[in-house]
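Student: I would like to go through this protein by question and answer. Please show me the sequence and the structure before we start.

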Amino acid sequence: MNMNDPLTVSDPASPQAAAALLRAGQLCAFPTETVYGLGADATNPDAVLAIYATKGRPRFNPLIIHCADLAMAERFARFSPLALRLAALWPASLTLVLPARPGNGLADVATAGLDTVAIRIPDHPLALAVIGEAGLPLAAPSANPSGRLSPTTAEQVRRGFAGKVPVLDGGPCRAGVESTIIAVDGERLVQLRAGAMARGEIEDRAGVTVELAHADAAIAAPGMLRSHYAPGALVRLNTTPQPGEAYLAFGAASAFAGPVRNLSPSGDLHEAARNLFAMLGELDASGAPTIAVAPIPRTGLGEAINDRLERAAAPR
Ligand code: TXA
Ligand code: MG
């Protein structure tokens, strides 16, 4: 795909049409319950390389393999009894990093040559229909240029890639932040990325405490770069706005004259997660040089929201 070509592509009107593009080795963006994914046949190295090229993504950063069901997932990874307990949560906003089966047929570029593989069964009827119709595992990072905000609508995908990537439109994403990533390492569970499924829910199902990955941990998600999800504007956290800034509020907020969005006037963290990337993008588009962000509680989904905001605010 030539990103300089001025022509825009036409969008698939059905999961069947999206699956046909993917089977032919082309890219197609599709909705999941978390964010839109930029999909490719995970067994086709050229198709996967097109993901890296289109996103401008570093090659060492492996991709999540999206499967239609557990039988498909078991072709690519080994599931211990503990992993199977967590897999019982699928379809869900949960990605499991598991030992890869040798010779599993996945393109090396999809897993960046690691001996583990990240797998998820998304909780979205259109995503499941696309994977099922394609009959293929789909490598799918968030459908945004690398380092930019993750898209939660088809329109944001079109804008991010200047209309050069076909998008199956499924309306706005329900969760609005990416999946929680858990590495299953023997009897240990390590959270590599906070996400749309709260840690407590995973611990309840597993009966095991989830450890948090730290910067120097042996297991890490290569994609957890410090500056990520960056809007053009600077971001200031846990604060109130100054004149001339834009304001991302949460809960009851006092009046402010500049551009304002409220993640959730009622203080609901699910609503806030759903609105996060879209509202950051809207405030960024207002042209204000700085976005001031209200404090957000760190409980439940607040962990993922604060993680994304800290990356958006990180020095670049
Ligand atoms: O909600 C989501 O997870 C979305 C939707 C489209 O499913 N996808 C997504 O993909 O967020 P992406 O590529 O933006 O993030 C995948 C993360 C990266 O941080 C990558 O480093 C990590 O998963 N990852 C992939 N394979 C891994 C592995 N074998 N070990 C550790 N981390 C891995
Ligand atoms: Mg991403």
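Tutor: Two residues are in contact when they have heavy atoms within 4.5 Å. Keep in mind that this is a predicted model.

Student: Which residues does Pro151 touch, not counting residues up to four places away in sequence?
Tutor: Pro151 sits in the loop between strand E6 (138-139) and H7. Its relative accessibility is 2%, and buried means under 20%, so Pro151 counts as buried. The residues that Pro151 touches, leaving out those up to four places away in sequence, are Val35, Tyr36, Ser142, Ala143, Asn144, Gln156, Val157 and Cys173.

Student: What distance separates the C-alpha atoms of Pro151 and Ala278?
Tutor: Along the chain, Pro151 and Ala278 are 127 residues apart. Between their C-alpha atoms the separation is 7.4 Å.

Student: Is Glu178 buried or exposed?
Tutor: Glu178 lies in the loop between helix H7 (154-160) and strand E7 (180-185). Its C-alpha atom is 8.9 Å from that of Leu94, a residue 84 places away along the chain. With a relative accessible area of 5%, Glu178 is buried.

Student: What is the radius of gyration of the protein, and what value would a compact globule have?
Tutor: The protein has 316 residues, for which a compact globule would have a radius of gyration near 20 Å. The protein agrees with this, at 19 Å.

Student: How far apart are the end C-alpha atoms of helix H10 (residues 302-313)?
Tutor: Helix H10 has 12 residues, and at 1.5 Å a residue it should span 16 Å. The value from the model agrees: the end C-alpha atoms are 16 Å apart.

Student: Which elements are included in what covers the buried residues of H10?
Tutor: Nine of the 12 residues of H10 are buried, so the helix is largely enclosed by the rest of the structure. Among the buried ones are Asn306, Asp307, Arg308 and Arg311. The cover includes strand E8 (188-193), strand E10 (234-236), strand E11 (246-249), helix H9 (269-285) and strand E13 (290-293).

Definitions and conventions. Residues numbered from 1 in each chain as written. Chains lettered and ligands numbered in written order. Predicted model: local features only at pLDDT ≥ 70, side-chain atom pairs only at ≥ 80, totals over all residues. Heavy atoms only, no water. Rg over C-alpha atoms; globule rule 2.2 N^0.38 Å. Helix = DSSP H or I, 4+ residues; strand = E, 2+ residues; numbered from the N terminus. Expected span 1.5 Å × (residues − 1). Buried < 20%, exposed > 50% of the residue type's maximum accessible area, 1.4 Å probe, protein only.
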